[in-house]
Amino acid sequence: MPVGKRIFLKRELANKETINALGEIPAANIADVMERNCAMNPRIHLVSSPKNKVMAGSALTVKVRSGDNLALHAALNIAKEGDVIVVSNEGDNTRALMGEIMMAYLCYYKKIVGIILDGPIRDIGEIGTWDFHVYATGTTPGGPYKEGPGEVNVPISCGEISVNPGDIIVADEDGIIVIPKRDAEAILVEAKKVQANDSAKAQAAKTGSANRDWVTKLLEEKKFEFIDDVYKY
């Protein structure tokens with residue numbers, strides 16, 4: 001088996017109902033349930049204009065050599081509805097991994113949920129207007145090579161977060177989080193509670209009825225000093 005040039009055709013996927021339910025919850029609420037350590041680096045951000053603000057789907061992972069999209073083309077061939085293609089790019093920002101032609105194939109023909117690239121794209125004037133979830137680090141007119149190596153449906157790191165094939169990706173205007181498929185149902189239960197509680201907190205904040213005593217208590221526990229005077233310098 002040629003490690004570095006492997007394309008796995010199968011993945012273990014989470015329950016479709018669970019994925020859809022997670023797609024009804026803001027990414028921030030889910031991230032809070034996961035101790036806030038599941039969010040990709042915000043250099044990867046939304047660059048398109050989807051009408052549905054929350055994206056949820058199964059990760060189809062791609063590991064490419066920096067600035068090379070041959071393995072990404074392989075992923076395009078096997079992608080299916082419900083997939084989110086997630087691409088690791090070795091931190092390169094000098095070459096666009098894809099543009100309008102490849103993106104149109106995914107959006108209009110393959111009808112995948114969206115794509116996340118730890119690297120730039122091009123043709124933003126067109127793609128930026130699409131009702132399709134595209135996350136990237138930016139744009140450049142410089143195009144990619146097609147030499148390889150690369151791998152598809154293997155564990156990767158994207159935006160400093162581990163992603164395994166079939167993990168659940170949830171993303172919105174805040175950014176992207178990764179939910180391990182084995183933990184998805186348990187996380188969903190807790191995320192629903194956080195979402196409901198968050199709505200109540202927001203309403204209390206608007207009316208000024210929120211209890212802020214915990215702030216003073218925590219500051220005292222952390223040994224902050226309160227000085228009833230101005231700073232002298």
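A: Gladly! Keep in mind that this is a predicted model. Rolling a probe the size of a water molecule over the atoms shows where empty space is left. Here, the largest pocket holds about 370 Å³ of space.

Q: Which residues are the closest to the centre of the largest pocket?

A: They are L13, S58, E81, G82 and D83, out of 19 residues that line this pocket. Two elements, α1 (16-22) and β3 (55-64), each give two or more residues to the lining. Of the elements, β3 gives the most, with four residues.

Q: How do the residues of that lining divide into nonpolar, polar and charged?

A: The lining of the largest pocket has eight nonpolar, five polar and six charged residues.

Q: How much space lies in the second largest pocket?

A: About 280 Å³. Its lining has 16 residues, and N52, V54, M55, V113 and H133 are the closest to its centre. Again, α1 and β3 are the elements that give two or more residues to the lining of this second largest pocket. By type, that lining comprises eight nonpolar, four polar and four charged residues.

Q: Let us turn to a single residue. Why does I115 count as buried?

A: I115 counts as buried because its relative accessibility is 0%, and the cut-off for buried is under 20%. You will find I115 in strand β5, residues 114-117.

Q: Which residues is I115 in contact with, leaving aside neighbours within four places in sequence?

A: I115 is in contact with L72, I85, M98, M103, L106, F132, H133, V134 and Y135. H133 is also one of the residues closest to the centre of the second largest pocket.

Notes: Residues numbered from 1 in each chain as written. Predicted model: local features only at pLDDT ≥ 70, side-chain atom pairs only at ≥ 80, totals over all residues. Heavy atoms only, no water. 1 Å grid on protein atoms, 1.4 Å probe; cavity = no way out; pocket = protein on both sides within 12 Å on 5 of 7 lines; lining within 4 Å. Points joined across faces, edges and corners; volume = space filled by probe spheres on them. Nonpolar A, V, L, I, M, F, W, Y, C, P; charged D, E, K, R; others polar. Buried < 20%, exposed > 50% of the residue type's maximum accessible area, 1.4 Å probe, protein only. Contact = heavy atoms within 4.5 Å.
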